[in-house]
Amino acid sequence: MPRPKIPRHICGRPAISCFKPNGKPLVECESVVLAADEFEALRLVDLEGLQQQEAARQMGVSRQTLANVLKGARAKVVGCLMHGRALRMPQSHETMD
């Protein structure tokens with residue numbers, strides 16, 4: 001049985017809920033969901049320029065957990081760019097299936 005997920009402190013939210021390839025209707029795009037904690041990890045480390053230790057402290061997780069979340073988030077973003085997939089992000093408390 002996996003350990004329960006520690007609640008993460010999320011401060012930033014995306015301005016829009018979806019990015020998709022130009023010229024391709026959304027219904028024709030395979031999509032990938034970027035979770036709120038993945039978005040926050042990218043925002044803190046890649047946009048704000050924080051060190052992973054500080055970003056982890058702000059999110060309320062260990063540095064290793066942040067590194068794992070960040071690695072997964074970066075893989076999703078690059079995968080969308082490489083394969084022409086849409087990148088969906090939940091707004092506020094919305095969940096995406």
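A salt bridge here is a side-chain nitrogen of Lys or Arg within 4 Å of a carboxyl oxygen of Asp or Glu. The views come from a predicted model, in which local features need pLDDT of at least 70, side-chain atom pairs count only at pLDDT 80 or more, and totals for chains, interfaces and linings use all residues. Residues are numbered from 1 along each chain as its sequence is written, and side-chain values use heavy atoms, with hydrogens and water left out.

**View 1. Arg85 meets Glu30 in a salt bridge.** The closest N and O atoms of this pair are 3.3 Å apart. Here distant parts of the chain are linked, 55 residues apart: Arg85 sits in the loop between helix 3 (63–83) and strand 3 (86–88), and Glu30 in the loop between strand 1 (18–19) and strand 2 (31–33). Helices (H or I, at least four residues) and strands (E, at least two) are DSSP runs, numbered from the N terminus. Arg85 is partly exposed, at 26% relative accessible area, while Glu30 is exposed, at 52%. Buried means under 20%, exposed over 50%, and partly exposed in between (1.4 Å probe, protein chains only).

**View 2. Arg43 and Glu40 pair up in helix 1 (residues 36–47).** Their closest N and O atoms are 2.9 Å apart. Glu40 is buried, with a relative accessible area of 1%, and Arg43 counts as buried at 19%. Look for Glu48 too: a salt-bridge network links Glu40, Arg43 and Glu48.

**View 3. Glu54 forms a salt bridge with Arg57.** Both residues lie in helix 2 (residues 52–59), about one turn of the helix apart. The closest N and O atoms are 2.6 Å apart. Glu54 is partly exposed at 28%, whereas Arg57 is exposed at 56%.
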